[in-house]
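Here are some brief notes to read beside the model.

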Amino acid sequence: VSSHQPINCIEKACMLRPLEAPFRYLFGPGPSNVPPRVLAAGGRPIIGHMHSEMFGIMNDIKKGIQYAFQTSNNMTLAMSGSGHTAMECALFNIVEPGESVLVAINGIWGERVAEISERMGAKVHTLVKTPGGHFTNAEIEQALAKHKPVLFFLTHGESSAGLVHPVDGVGDICHKYNCLLLVDSVASLGAAPLLMDQQNIDILYTGSQKALNAPPGTAPISFSERACHKMFNRKAKPVSYLLDMTHLSNYWGNDGKPERTYHHTGPVSGFFALRESLAILAETGLENSWKHHTEVAEYFWKGLEDLGLKLFIKDKDLRLPSVTTIAIPEGYNWKELLAYIMKHHRIEFTGGLGPSVGMLLRIGLMGYNCNKANAAMALAALEDALKQCRMSKA
Ligand code: PMP
């Protein structure tokens with residue numbers, strides 16, 4: 001008999017209760033609800049992460065990402081991790097300590113990229129606007145000429161402000177100054193037009209849990225030839241072993257070597273689900289998906305204005321179709337509004353994030369959740385909350 005006995009005072013009672021994961025309408029900025037077809041794909045029996053069938057699935061995922069990103073880049077893959085993993089992968093592999101980066105900050109995502117860049121020892125220069133602001137190509141060019149960075153970061157769908165940033169021409173300006181363009185499309189992919197190759201984007205990443213409607217935990221990313229040239233000709237290895245593209249490109253069969261060798265165990269179920277969500281996007285067609293998000297968003301925006309609410313982004317063309325932002329209506333406590341809607345309607349909306357906290361409410365209708373019935377449900381919940389939650393003047 002072993003003398004090793006479990007310590008009885010370590011609490012385990014909660015583990016003897018069944019898992020509780022209630023149904024909620026996830027109409028915040030993500031994760032969004034996952035369609036049964038994608039859930040079912042994620043629930044398939046596990047196969048080995050190095051089995052030939054798994055490599056086939058990863059090859060399909062690569063094609064699905066190439067379609068979704070509109071790129072023919074060979075160096076296309078999915079990260080084992082959330083959107084932040086892709087963000088760190090891009091920065092850790094492209095930038096060497098001491099090199100300059102230029103970061104456009106008009107919400108939380110630029111702030112995050114600036115912080116990650118600083119932590120890894122880059123010289124960080126910023127272009128800053130208040131949440132919801134955007135940068136002209138002339139402003140970007142001026143900053144590139146001044147700071148001569150190796151990388152410029154821009155958020156396409158600024159989910160903390162509800163802004164879709166123009167990208168046309170930015171890649172060309174970056175290349176004129178020998179700088180690579182890194183774009184975050186976590187909140188916009190599939191909802192707003194973005195064409196990696198045509199818009200000369202060097203590194204593009206997204207997340208699985210927004211308009212793609214897969215569970216959180218995987219993140220597509222792609223690198224142009226230019227980006228590959230920079231990251232595979234570094235002086236020193238990147239600080240992260242897990243995110244080192246030399247290894248990841250082999251794991252994804254992108255490095256031309258005959259053998260794929262073990263690097264880490266990829267999230268097998270997450271890749272099954274991601275493959276299915278990319279398949280749905282391919283079946284729907286990108287143009288249809290963009291058009292559908294715009295139509296539903298316009299219906300929703302009109303309904304919000306009819307309720308007397310003010311949209312945070314005034315210019316319609318700069319509004320992110322997947323995540324709508326509303327100025328907090330006067331006479332209301334935003335936390336009370338959100339709590340009321342969650343309690344009485346089982347709907348998640350959220351407040352601001354980072355610099356936009358206390359400025360706005362965020363409502364996401366993405367992919368599977370993006371339809372007029374859901375928009376009408378969201379409007380009815382808001383109308384009810386506006387009736388019930390007005391603060392007394394006393
Ligand atoms: N970028 C944007 C634009 C986002 O909306 C998010 C997620 N809210 C992220 C990056 C980070 O993604 P994740 O939470 O999956 O790490």
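1. Cys9 is exposed, with a relative accessible area of 69% (exposed means over 50%, buried under 20%, partly exposed in between, with a 1.4 Å probe and protein chains only). Cys9 is in no disulfide, and its nearest cysteine sulfur, that of Cys14, is 15 Å away. A disulfide here is a pair of cysteine sulfur atoms within 2.5 Å.

2. Cys89 is in no disulfide either; the sulfur of Cys228 is its nearest, 11 Å away. Cys89 is buried, at 0% relative accessible area. The structure holds zero disulfides.

3. On provenance: this is a predicted model, where local features need pLDDT of at least 70, side-chain atom pairs count only at pLDDT 80 or more, and totals for chains, interfaces and linings use all residues. Numbering runs from 1 along each chain as its sequence is written, and side-chain values use heavy atoms, without hydrogens and water.

4. Seven strands form an open sheet with mixed pairing, ordered E2-E10-E9-E8-E5-E3-E4. Strands are DSSP runs of E, at least two residues, and helices runs of H or I, at least four, numbered from the N terminus. Two strands pair if DSSP finds at least two bridges between them. E2 (75-80) and E4 (123-128) are the edges; each has a single partner strand, so one side of each lacks a neighbour in the sheet.

5. E8 (residues 180-184) and E9 (residues 203-205) run parallel, joined by three bridges. Leu182 stands opposite Ile203 in E9.

6. In helix H4 (residues 108-119), the buried residues include Trp109, Val113 and Ile116. Just after H4, Gly121 has a positive phi of about 90°.

Notes
Expected span 1.5 Å × (residues − 1).
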